[in-house]
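Subject: Structure for you to look through

Dear colleague,

Please find the structure below, followed by notes on what was found in it.

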Amino acid sequence: MKPLTLSRLFLQCAILGAILFCVMVLALKFGAIHVSLYGLGRDLLRVFLGQSKQISSEYSLIVLNIRLPRILLAVFVGASLSIAGTSFQALLRNPLADPYVLGVSSGAAVGSIVALLLEPHVALAPEIAAVFTPLGGFLGAVVAITAVYFLGRREGRIDSNTLLLGGVITASLLSALIALLLTALPSSNFRGMTYWLMGELSAVPSRPLAWVLRVGFLIAAAVIYMTASDLNLLLSGEKEAMHLGVDVRRVRIVVYVAASALTGLAVAMSGSIGYVGLLVPHVMRMIFGSDHRILIPASAFGGAITLVIADTLARTIAAPSELPVGAITAIAGAPLFIYLLRRRLA
Amino acid sequence: MPSTFCRKAVLAAALCCAFGIGQSRANQSAGAAPPKESFRTVQDETGRSVRIPIPVRRVVSLAPSLTESIYALGMEDLLVGDTEYCDYPADAMKKHKVGGAINPSLEEIAALKPDVVLVIKSLNRPETVQQLDRLGIAAYAADPHTIDEIRSSVRRLAEVLGNSAAGETLDASLLRQETALGKKLRGVAPKRVLFIVWTDPLISVGKHTFIADALEHAGAISVVESSQDWPQMSLEEMVRLQPEFLVFASGHSEAVSRDVETLAERPGWSDLDAVKHRRFAVISDAVNRPAPRLFSAVEDLARQLHPEAFTEKSETAKTVAVTVKN
């Protein structure tokens, strides 16, 4: 494998960025309401030229205010889940690790539901109320990964298999808790919450919340990227990394917290969207190799591209009704995962 | 090793992206509906203030019950869109569909340029209302919990849509129907019933639902006293409580009869006296929707549970039945 140079990194990111841009433009075109590619191109050009006033208000409402924010949410959620998946897989040196297997997503879902159920009963300032649910999701994710972390410790050391099994058990325990919360509590909007749990992107965040998400995403992604070289060394084993001067303990905690934050924010916004965090890093590793300095940004782009495509399908297949995007990613992801698994065995 | 530089470069790129997102968001409010001549602010039934144009010309309903109410008020000309579940009256199926009640397409709603979108708290998601707010589309939420609240809710709806007279007329006629039924059932001992939403598992209705209130108006009382809206009940508890009647809501009474025959052969169910003696009532599934049609369903149930109350003074009963059909 050729060594990673700055120009190669840029080139590869630029290619992925261009693909993401094309996918986003196509996603802007498709939807329940027909939008012509010509009209879309003309309007996008106007937006870039700063003449958005000239766009007809109906167009601007549907394309710029309904589709675009939702596509941006898909970009954010897809990138978050993929970066989190890449990080967990590197830390645990196990290709099966992802936010769902480790119970982090279920923890975030429990946190979000508890926050949703508590919200009407506690008097909150409007600024806090707006970020209450994602905050619950984040706390739930952190609590879940902390619990799984301690479950995975044997004689003071992390055992990757024990940790994974601990994650699986925690996830199933938390799923049971979700079922209890949804059915046992009076007047919970059962249907709405079930739909949200399947993973869907219809709830575009309001402006203060969007800023929290953006800043949270950038900080967490940057923090994880800072450890890219350390993650590379960790691939050869913990002891080896320690001998090479990596502060394994610090890297571990930093990456766990940052990846949990990404998962928590993503789940709070979109429920449980599976397979993106598991599969995208795999595919990206096959294409770009396992150097995390390129793998992390590539996974972010790959996750964003995947989820934008999946959500466009979710919006259009059964139009005017919408499907939960989590069902689309699972239907496409499970067979792909089995294929990759069989190919590796062969 | 270029890694520090790499980091900086990617960080810069990421920041640019975020800034781009911020830019596109700034344009968001530009697409709100063009200003109308006049607006008024009303409180909806969940306490939110809603700014509604005068007059209201275009309405989208996101719940079957609200669609039915609009038709009952004779204001269906205002209705430009409804959901795939809005199947009553038949004409409602011809309206433009914007998707399901839980998962409507926001862009379909926006493209209809509604003056107001009607939602109901017990069915639609708060996220839908939040997204309509974000787009500057007025969303009015109804939230009736009793028979009387359904009446007042329909009257308020008519008022919000700009036709108070229609609301008052409908309210008065529903009240007449309710009072007439109340008179007939005066002094009648209420029957203890089990309202069955689902048989496997057994799901009934809680005491805070409008269905529980509807049962009371029909001279029945639910044996279930749960504070959950859709409680799952144990069959054991039902055998202990022994409801006098089972109440099913269905459009097909023959199918229910068949189901009861099947239940009669199953352990647990066969220990219910109501199943043993085939004491069950089937009413229109209109009872599941908090809309004017519910009043007829209530009367229908009362007739099945208390036929003796309807034998005398059959003349008045007939007139009521005619109003019901209209």
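**Helix packing in chain A**

Helix α1 (residues 6-29) of chain A packs against helix α13 (residues 292-316) of chain A at an angle of about 10°, and their axes are 10 Å apart. Because angles under 35 degrees count as roughly parallel, over 145 as roughly antiparallel, 65 to 115 as roughly perpendicular and the rest as oblique, α1(A) is roughly parallel to α13(A). The residues of this contact divide into 16 nonpolar, 3 polar and 1 charged, where Ala, Val, Leu, Ile, Met, Phe, Trp, Tyr, Cys and Pro count as nonpolar, Asp, Glu, Lys and Arg as charged, and the others, Gly among them, as polar. Among those that meet are L9(A) and Q12(A) in α1(A) and R293(A) and I294(A) in α13(A); two residues are in contact if their C-beta atoms, placed from the backbone, lie within 7 Å.

This is a predicted model, in which local features need pLDDT of at least 70 and side-chain atom pairs count only at pLDDT 80 or more, while totals for chains, interfaces and linings use all residues. Residues are numbered from 1 along each chain as its sequence is written, and chains are lettered from A and ligands numbered from 1 in the order in which they are written.

Helices (H or I, at least four residues) and strands (E, at least two) are DSSP runs, numbered from the N terminus. Axes are lines fitted to C-alpha atoms, for helices over the stretch in contact, and angles run from 0 to 180 degrees between N-to-C directions. The axes of helix α8 (residues 207-226) of chain A and helix α11 (residues 248-270) of chain A come within 9 Å and cross at roughly 150°, which means that α8(A) is roughly antiparallel to α11(A). Their contact has 13 nonpolar, 1 polar and no charged residues.

In helix α7 (residues 190-197) of chain A, M193(A), Y195(A), W196(A) and L197(A) are buried (20 or more other C-beta atoms lie within 10 Å of the residue's own, C-beta atoms being placed from the backbone; exposed is 12 or fewer, and partly exposed is in between). These buried residues pack against α4 (104-118) and α6 (160-184) of chain A, and α7(A) is followed by G199(A), whose phi is positive, near 95°.

**Chain B**

The secondary structure of chain B comes to 12 helices and 11 strands, and 41% of its 326 residues count as buried.

Best wishes
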